[in-house]
Structures are given as C-alpha cells and as structure tokens.
Amino acid sequence: MPSSRRPTYSPAKGKSRPDSKSGNSTDAPAQSSATTGGGARSDVITASRSVPDQVSTQQPKEQKPAGATVLAFPEPKGRRRRKKVLLAAGTALLLVAGLLAAAVYSPLLAMQNIAVSGTRLVTPAQVQAALEPLRGKPLPQISDDDVRGLLGSLIQVKSVSVEARPPSTLAVAVHERVPVALVKQGEQYQLVDVDGIQLATTDDPASASLPLIDGGAGAIGQDLFRATAAVLGALPADVLAKLSNASAQSVDAVELKLVDGQTIVWGNASEKELKAKVLAALLKAPADPKNPVRVYDVSVPRHPVTR
C-alpha cells in the first residue's frame with residue numbers, strides 16, 4: 001500500500017546542488033548566496049518511505065468472545081430408543097449363548113438311559129448294547145450320525161430317529177428293514193428284503209407269512225432276484241401275506257402264486273405301485289363260484305385280465 005509519509009529534504013555538506021540546466025546564468029547568484037560563511041554548501045533532496053509488513057498468509061484464528069455460552073441439544077428420542085434396544089438384544093444374546101454353552105457341556109444332561117422303540121427283528125437290548133459308548137455324554141452333543149454309526153453293525157436297522165429327553169434319557173426309534181420273501185438255505189429259511197439283505201432265519205416258513213422265492217440262496221444278488229424282490233416290496237402287507245411263492249423266468253416275466261393256487265402274472269417291475277393297487281382291487285372283488293378266477297394278469301395295469 002502507498003506510504004503516507006512525504007519526502008524530507010536534508011542538506012548535504014560539501015556538495016553543491018546540481019543545476020537543472022548547466023547553462024542558466026540566472027542561478028549563479030543563488031549559488032553564491034548559498035555558500036556563505038566560507039564553506040561550500042548545497043541542499044540534497046532525500047526521500048524515504050515506510051514499507052508495510054508482509055501480510056500473513058495464515059488466517060487469524062477465530063476467537064470466541066469472552067463469556068460465550070455453548071448450548072448442548074438433547075439426543076433424539078429415536079436414537080436413544082435404538083441404543084436401548086441394541087443393548088437389550090446384545091445382553092439377551094450373551095445370556096442365551098451362556099445358557100447354551102452350559103447346556104452343551106453340563107454333566108447334568110449326561111445320557112444315562114436309552115429308550116428303544118420300533119424293533120421286531122432286533123431286540124431293545126441289542127440296540128442299547130450297541131449305544132453303550134454314548135453313556136455319560138451330554139445329550140446336546142449326541143447326533144443322529146453318532147447313533148447311526150454305532151448301530152451300523154445291526155444289519156436289520158435301516159434308519160433311526162433320535163430324540164433327547166432331558167435330563168438323562170435318549171429316545172431311539174428304530175426303522176427296520178422289511179422282509180419281503182423267504183429264501184431256502186439248507187434246512188432253514190432266510191428272511192430277505194428288497195435289496196437281498198438277509199435279515200433273519202427261521203425253521204418254519206409258515207411263521208413268517210412270506211412268499212418263497214424259487215431258486216434258493218443262489219438267486220440272491222442276481223438280476224432275477226432283484227426283479228422279484230422289487231415286485232414283492234411294492235405289495236401291501238395284506239396281499240403279501242396271501243402269497244405262497246414267487247418266481248421269474250426273466251426280468252420281464254415275474255409270476256406270483258397265492259396260497260389257494262391262483263397265479264398272478266406281473267410282468268416286469270415297471271409301474272409296480274399301480275399294479276399293486278390294481279391287484280388289491282381284483283382280489284377284493286366278489287368271487288363267482290361258477291367261474292372261479294385262476295389267473296390275475298396285471299402286466300398291463302390299465303387293462304387287467306382275469307381268467
């Protein structure tokens with residue numbers, strides 16, 4: 001910014017003021033009069049100005065006026081409510097986690113008793129003996145896989161359902177394989193399911209009320225046996241109890257014999273559920289004494305034939 005000071009003049013000793021024009025004679029008297037007192041003296045003009053301080057590039061800090069009051073606004077109700085809800089939820093989760101951890105590892109829930117149901121081919125004592133390694137283990141730590149793994153040695157058991165009954169009882173519902181036929185093995189008869197698995201043996205075939213598969217033990221595991229067993233597995237229990245034996249010349253020519261001598265032409269194992277329903281309906285139809293039925297042909301279930 002421009003300075004407000006005016007130039008100052010100070011005389012300089014021993015120097016003469018230069019003339020504005022060297023050839024101007026009118027300035028001589030002034031020069032001679034200026035040198036009085038026997039010394040040469042002239043006035044020298046000097047100029048000076050004050051330089052302003054550099055403007056600071058930093059902005060001055062804003063200062064709060066003395067005695068200023070800061071107002072604190074209250075927290076919104078919605079935010080306070082959310083905080084309370086989150087705090088309560090977190091506390092509840094921690095409490096539940098603690099209770100679960102205590103239940104899983106608590107010796108108060110150790111398994112001491114095994115309740116077994118659904119057994120026919122095996123006994124409850126066999127199931128309990130197989131599950132003995134689980135005794136003393138907390139109920140929440142016992143899974144279905146643990147029980148199935150221990151019962152794998154019992155071939156009659158197909159699947160199980162496990163239920164924990166606190167404080168110390170494990171309920172095991174056994175689902176056994178269903179025998180569908182008898183296979184003669186020497187002097188005994190083996191009960192087999194649809195997969196050909198031998199479930200039990202008996203000396204009296206009449207006690208099992210199951211059809212006898214022709215071919216003996218050599219038929220087990222073969223295609224003919226599988227086809228015949230698949231047909232028997234599709235029959236309802238009341239029809240299965242009326243069968244005497246089953247045979248198959250090929251996988252497409254399965255035949256069944258009833259205890260009263262009637263023959264059932266089944267065909268192959270396709271549409272076995274529909275064939276089973278049709279056969280059950282035909283067997284319930286009233287018999288005609290003058291024209292007794294000797295053959296039930298359900299090989300084409302939508303067009304059954306009796307003769």
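I looked up R165 and E163 and found their side chains joined in a salt bridge, at 3.8 Å from N to O. This is a predicted model, so I treat the distance as a computed value and the cut-off of within 4 Å as the reason why the pair counts. R165 is partly exposed at 42% relative accessible area, and E163 is partly exposed at 45%.

I then checked how many salt bridges the structure holds, and the count is 7. One of them links the side chains of K137 and D146, with 3.7 Å between N and O; K137 has a relative accessible area of 27% and is partly exposed, as is D146 at 28%.

I noted next that D145 forms a salt bridge with R148, whose closest N and O atoms are 2.4 Å apart. Both residues belong to helix α4 (residues 144–150), and because they are 3 residues apart there, about one helical turn separates them. D145 counts as exposed at 55% relative accessibility, since the cut-off for exposed is over 50%, whereas R148 is partly exposed at 38%. I also recorded a network of salt bridges that links R177, D193 and D195.

Turning to the strands, I traced an open sheet of 3 strands in the order β3-β5-β4, with mixed pairing. Its edge strands are β3 (113–117) and β4 (157–165), each of which pairs on one side only. On average, and with direction ignored, neighbouring strands of this sheet are turned by 25 degrees against each other. I followed β3 to β5 (residues 169–176) and found that the two pair in the parallel sense over 5 bridges, and that A171 in β5 is the bridge partner of A115.

In the loop between β4 and β5, where P167 lies, I came upon a cis peptide bond that joins P166 and P167, with omega at about 10 degrees.

Which residues other than glycine did I note with a positive phi? One is S209, with phi near 55 degrees, which is found in the loop between β8 (198–202) and β9 (212–213) and counts as partly exposed at 41% relative accessibility. Another is E271, with a positive phi of about 50 degrees; E271 lies in the loop between β12 (263–267) and α7 (272–284), and at 37% relative accessibility E271 counts as partly exposed.

Note on methods. Residues are numbered from 1 along each chain as its sequence is written. This is a predicted model: local features need pLDDT of at least 70, side-chain atom pairs count only at pLDDT 80 or more; totals for chains, interfaces and linings use all residues. Side-chain values use heavy atoms; hydrogens and water are left out. Two strands pair if DSSP finds at least two bridges between them. Helices (H or I, at least four residues) and strands (E, at least two) are DSSP runs, numbered from the N terminus. Axes are lines fitted to C-alpha atoms, for helices over the stretch in contact, and angles run from 0 to 180 degrees between N-to-C directions. Buried means under 20% relative accessible area, exposed over 50%, partly exposed in between (1.4 Å probe, protein chains only).
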